[in-house]
Amino acid sequence: MNITLNTINTISTLPETLNQSLKSIISHLKDHTVNDHNHQTTQSTNDGVLPHISATLIHTVLETHDTKSYFFRSEKTLNQYKAGAHINIEFGINGEAVKRTYTLSSSPRNFSSTKQTDEFSITIKRVNEGLASNWLFENLKEGGQIKVSQPQGNFVLPYQPAGKILMLSAGSGVTPLMSMLRYLAEAGNRSDIVFLNYSQSPNDIIFHDELEQLSNTHENIDIHFSLERDIDAPSSFSTSSVHKGRISRKQLSSIAPDILEREIYLCGPQTFMKATAEILDKLKFEPSQLHLENFTADLSSSTLLGYSAEISFTSLEGVIQSSPSKTILEEAESAGLKPAAACRTGICRSCRCKKTSGTTVNLITGEESTSAGDYILPCVSVAKTATEIEL
Ligand code: FES
C-alpha cells in the first residue's frame, strides 16, 4: 500500500463530530503514536529511514488490473522486521529523485530462512495521477534498481499472537494485513483469524486467489470479501465468503459475532477507518484491542492549521512569512529547497530535521515543540512562533 501513512494520529484531522467517538476508541493509540513521534526529539539523524540500500527487481506479479507486487533482492540483508512494517524507497524519474513509503507485503518469516534472507516485496496500486505508482507500474522492469531503507513502523503483529484476530482492510489497505496473514500461515500460528476485505468489485480484490487458497488450506483462517458492485462473483469465488456493500454493524456482527473478543488489525482509506471506528465505538469495543494504520491523513482539514509565523531555513537567506495552510515542509519546497520526504504524513521520518529556535505544532498529534534543538517532522508541522529550521 502506498503509505500516505499511519494512523490514529489522524484524529486531529477528522471532523469534530467524529472526533469524540473516534477518540474514545483510539485514545490509547495516542501513546503509540506519540512514541513514534518522539523520534523527533530523541534521534539526531535519519540513519535507517532514508533509502540507502540498493535493491534489484527480480520479478513482478500483476495482482489486479491496477495493482502489482514488486519482488526485490537487496544488496545487503535488511534488518529483521515484524509483519506490517514499511520501507522508504527512492528511485529516479527524469533525473529527479522520488521518495515514497510503502508497506511490505512479504512475510518477514523469509528472514529466518537461509534461502531468501535478502528478498522482500511491496504491492502498489496505481493512484490517479500518482507520479510514483504509475511510473513504477509502467517503467520498472526486471533488473531495475531502487534504493530502500531499513523496515520500520509500529503497525506490526507480535511475533506469536495468541487468541482471536480480526483483520479488516479496504482496497490497498490489504497490503500490511497480507504480510501479517502470510507470516501467521507460514509460522503455523493457530490463532482463530477472520480476514475481511472491502473492494469495489471482484476485479479489484488484491491477492484474491492466494487468500482463497489460505482459507482452503488453513482451517483457522476464515476469509471474507465485501463488494460494492458486481456482486455476482465469478464461479472461482467461494460464494459463501462474498458479501455486499460497505462496512456496517450488521455485517460485522454477522461475520464475526464474537468481535468483542478479537484483536482487530485495521487498515484502509480514511472514510473506511472513520466508519469502522464509529461502529466499534457503538459496539463498545475495547480500544486496547484495536491496532490500526491509515495511510491517507488529510492534513488540510486540521483545526491546528491557521498559524502564520516567520520561518527561516539555515541554507537560505531571509525570512518567510508562513501561510496558515502550509506545513513547514511545503514552505521549504516553495522556497526552492528539496528536503527529503517520502510519506508526507508523519510516519516514515525521512523528513526529520532540527529546529534551532521557535515553537512548532505537530498537526497530527497536536504536540508543541518549544525547545531549541528538538527534531521535528516538517511534513506535519507548522510554525506557531518565529522559527528557524536546519534545512
Ligand atoms: S515523516 Fe515521512 S515525509 Fe515526513
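Which residue in β2 does Thr64 stand opposite? Select Thr64 and Thr67: Thr67 is the one facing it. Before moving on, note that residues are numbered from 1 along each chain as its sequence is written. You are looking at a predicted model, where local features need pLDDT of at least 70, side-chain atom pairs count only at pLDDT 80 or more, and totals for chains, interfaces and linings use all residues.

Now widen the selection to β1 (residues 53–64) and β2 (residues 67–74), which run antiparallel and share 8 bridges. Strands here are DSSP E runs of at least two residues, helices H or I runs of at least four, numbered from the N terminus; two strands pair if DSSP finds at least two bridges between them.

Next, show the whole open sheet: 6 strands, antiparallel, ordered β4-β3-β6-β1-β2-β5. Color β4 (96–103) and β5 (119–125), the edge strands; each has a single partner, so one side of each lacks a neighbour in the sheet.

Time for the inside. Pick Leu166, Met167, Leu177, Met180, Phe195 and Leu266, the residues with the most contacts within the largest nonpolar core, which has 63 residues. (Such a core is a set of buried Ala, Val, Leu, Ile, Met, Phe, Trp, Tyr and Cys residues joined through C-beta atoms within 7 Å; buried means 20 or more other C-beta atoms within 10 Å of a residue's own, with C-beta atoms placed from the backbone.) Helix α5 (residues 174–187) gives this core its largest share, 7 residues. Domain 1 (53–148) and domain 2 (155–293), with bounds from an automatic or database domain assignment, both contribute, so the core lies between them.

Last stop: another core, of 28 residues, lies apart from that one and includes Leu329 and Val380.

Methods: Buried ≥ 20, exposed ≤ 12 C-beta atoms within 10 Å, placed from the backbone.
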